[in-house]
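Please keep the sequence and the 3D view open while reading.

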Amino acid sequence: MSIEIQKLNVHIKDNHILKDVNIVLPEKQITCIIGPSGCGKSTLLKTINRLIDGVEGVKLEGNVFVDGQDIINSGTEITELRRKIGLVSQRPCPLPMSIFDNVAYGCRINKMFKKRRQLIYHVQKNLKSVGLLEEVKGRIRTPAARLSIGQQQRLCLARSLAVQPEYILADEATSALDPISAKTVEDLFVKLKEKYSIIMVTHTLHQALRIADNVVFMYLGDVIESGPAEQVFHHPQHELTQKYLAGAFS
Amino acid sequence: MKIARKKKLRESVAKLFMWCAMLVVFGLVISVIWTIFSKGCKAMSWDMVSKLPGGGFYIGKEGGFLNAIVGSLYIVGASTVLGLIVSIPVVFFLNIYLKKNSKLAYVARLAFDVLFGVPSIVYGAFGFTIMIYFGLRTSLLGGIIVITLLIIPIFIRTMDEATRNFPRDILDASFSLGATRWETLKVVLRQIAPGIATATLLSVGRAIGDAASVMFTAGYTDSIPTSLSQPAATLPLAVFFQLSSPIPEVVDRAYAAALVLTIIVLLLSISGRFITNRFSKNKV
């Protein structure tokens with residue numbers, strides 16, 4: 001139940017975005033991908049759930065094994081892959097519907113429940129798991145766009161969890177939030193790693209320090225260093241990693 | 001001090017200019033409505049909207065223009081539905097399926113812009129040519145087809161504008177839950193629902209008020225059509241024919257028909273606004 005990436009190269013038009021990426025993302029741990037802007041962190045995430053397919057002029061080479069299956073070359077069913085790998089994006093993006101329908105949307109398209117009662121229970125359970133159920137009590141049928149940004153991000157997380165994924169990809173999921181909401185979401189990720197494998201792109205080194213079990217440091221499309229957080233943060237092997245951690249560039 | 005005074009003066013002049021422009025527009029709307037109501041009310045009666053033209057209606061005798069009301073509603077209703085059925089897939093194709101910088105999308109948008117600007121009489125002439133080619137006579141079907149052609153560019157351009165600003169993140173959010181493009185279209189539809197409502201309103205407004213395109217295609221008749229092959233009367237033509245009469249009673253009836261037309265458009269505008277607000281509540 002891990003993700004293994006071998007010799008992954010991603011080209012977008014004439015740009016070589018990811019260069020020979022070789023990493024293993026262990027299960028039920030938080031792996032933080034760090035690195036300066038434009039180093040390919042988000043591209044790597046979008047490759048794992050093949051959202052990259054929608055980008056114009058993209059070319060993928062190499063192998064990405066999800067649960068032992070190569071999702072690049074084996075004719076994987078993309079919709080099933082995406083259901084299995086949830087995504088929480090940088091800016092919360094509720095769907096244009098009610099709070100309830102946002103969480104129920106994925107369940108409905110994946111035909112997870114036959115009875116409405118089961119769906120209602122499932123939606124409530126997932127809202128509760130992100131600490132939102134109490135906050136939206138009595139207005140669960142109101143538009144999701146009326147929630148605060150922090151609540152919207154937790155709703156998006158609940159929506160991802162509702163389709164019962166095995167992995168969660170988080171692309172700077174706390175960067176658009178106020179400090180209190182960011183802390184709430186961050187704590188949620190720590191709690192969720194008991195059940196899910198979490199791969200998180202973050203710009204905040206402090207956040208990675210607080211929650212990462214593993215760290216991948218990227219620079220200009222290359223993976224410079226990866227390994228347990230303790231090792232990468234406290235005993236970095238590569239000079240570039242040392243400079244980045246020391247704040248020489250960002 | 002001098003600069004501050006100059007700025008204040010400039011601000012006041014600009015404000016005055018805006019007020020004047022507002023007053024001109026308001027005045028125009030009010031004078032149009034006042035003229036239609038004051039002249040139309042004189043000839044308006046229950047018979048006008050509930051009866052077909054009787055013998056001698058066009059020389060001021062009994063009857064009404066129910067034929068034109070029903071004919072207009074038939075044509076506008078059918079062409080709006082047909083227009084929506086054709087336009088929504090085109091808008092989805094342009095914005096969701098084609099890539100952002102697609103040449104096909106560029107050419108298609110250019111073509112719709114051109115069609116948008118084509119005068120309605122040209123649509124009428126085009127429809128007339130087609131009907132002659134197929135040996136058709138003026139009919140309800142002819143009117144429906146030409147009005148549909150007339151409003152499709154309005155539908156597409158208005159909905160396209162609403163969809164072009166569609167947040168791409170919503171698509172990714174839907175795809176990342178395992179949705180197909182087809183399933184995602186339902187989400188897009190919810191987001192652009194206000195745009196569709198606005199497009200429908202503009203299209204219906206244009207369709208119901210256009211005389212030139214239906215003159216040669218739908219024709220005019222004193223009865224209510226019972227099949228698509230029969231000619232149909234329309235309110236704009238009822239106004240047009242009666243307004244050119246030398247008999248004052250008939251001219252007043254033209255204003256009564258114009259009044260009904262205005263009331264229908266007003267009702268549509270108000271209900272359209274209400275529907276747009278309702279659809280907008282979920283918009284992200």
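Two strands are said to pair if DSSP finds at least two bridges between them, and the helices (H or I, at least four residues) and strands (E, at least two) named below are DSSP runs numbered from the N terminus. The model is a predicted one, in which local features need pLDDT of at least 70 and side-chain atom pairs count only at pLDDT 80 or more, while totals for chains, interfaces and linings use all residues. Residues are numbered from 1 along each chain as its sequence is written, and chains are lettered from A and ligands numbered from 1 in the order in which they are written.

**The two chains**

- Chain A holds nine helices and 10 strands, and its radius of gyration (taken over C-alpha atoms) is 18 Å, close to the 18 Å that the globule rule (2.2 Å times the number of residues to the power 0.38) gives for 250 residues, so chain A is as compact as a globular protein of that length.
- Along the principal axes, the C-alpha atoms of chain A fill a box of roughly 55 × 40 × 30 Å, whereas those of chain B fill one of roughly 65 × 65 × 30 Å.
- Chain B has 11 helices and zero strands.
- A residue is called buried if 20 or more other C-beta atoms, placed from the backbone, lie within 10 Å of its own, exposed if 12 or fewer do, and partly exposed in between; by this count 45% of the 250 residues of chain A are buried, and 38% of the 284 residues of chain B are buried.
- Two residues are in contact if their C-beta atoms, placed from the backbone, lie within 7 Å; of the contacts in chain A with a separation of 6 or more, 67% are between residues 24 or more positions apart, and in chain B 76% of the contacts between residues at least 6 apart in sequence join residues at least 24 apart.

**The sheet of chain A and its strand β3**

- Six strands of chain A make an open sheet of mixed pairing, in the order β6-β7-β8-β3-β9-β10, with β6 (85-88) and β10 (222-228) as the edge strands that each pair on one side only.
- From one strand to the next the twist averages 15 degrees, where axes are lines fitted to C-alpha atoms, for helices over the stretch in contact, and angles run from 0 to 180 degrees between N-to-C directions.
- Strand β3(A) (residues 30-34) runs parallel to β8(A) (residues 197-201), joined by four bridges, and β3(A) also pairs in the parallel sense with β9(A) (residues 214-219) over four bridges.
- Thr31(A) has Ile199(A) as its bridge partner in β8(A) and Asn214(A) as its bridge partner in β9(A).
- Five of the five residues of β3(A) are buried, so the strand is largely enclosed by the rest of the structure.
- In a regular strand the side chains alternate between the two faces of the sheet. In β3(A), Ile30(A), Cys32(A) and Ile34(A) are buried on one side, and Thr31(A) and Ile33(A) are buried on the other.

**Helices against the sheet**

- Helix α5(A) lies across β6 and β7 (167-171) of chain A, running at about 175 degrees to β6(A), and 13 of the 14 residues of α5(A) are buried.
- The 14 residues of α5(A) (residues 149-162) should span 20 Å at 1.5 Å a residue, and the end C-alpha atoms are 20 Å apart, which agrees; the expected span is 1.5 Å times one less than the number of residues.
- Just after α5(A), Gln164(A) takes a positive phi of about 55 degrees.
- Helix α6(A) (residues 179-192) lies across β3, β7 and β8 of chain A, running at about 145 degrees to β8(A).

**Two further residues with positive phi**

- Lys7(A), found in strand β1(A) (residues 3-12), has a positive phi of about 45 degrees although it is not a glycine, and Lys7(A) is exposed, with 11 other C-beta atoms within 10 Å.
- Arg50(A), in the loop between α1 (41-48) and β4 (58-66) of chain A, has a positive phi near 60 degrees and counts as buried, with 21 C-beta neighbours inside 10 Å.

**Where the chains touch**

- The contact takes 25 residues from chain A and 20 residues from chain B.
- On the side of chain B that touches chain A, the elements that give two or more residues are α7(B) (168-175) and α8(B) (181-209), and α7(B) gives the most, with six residues.
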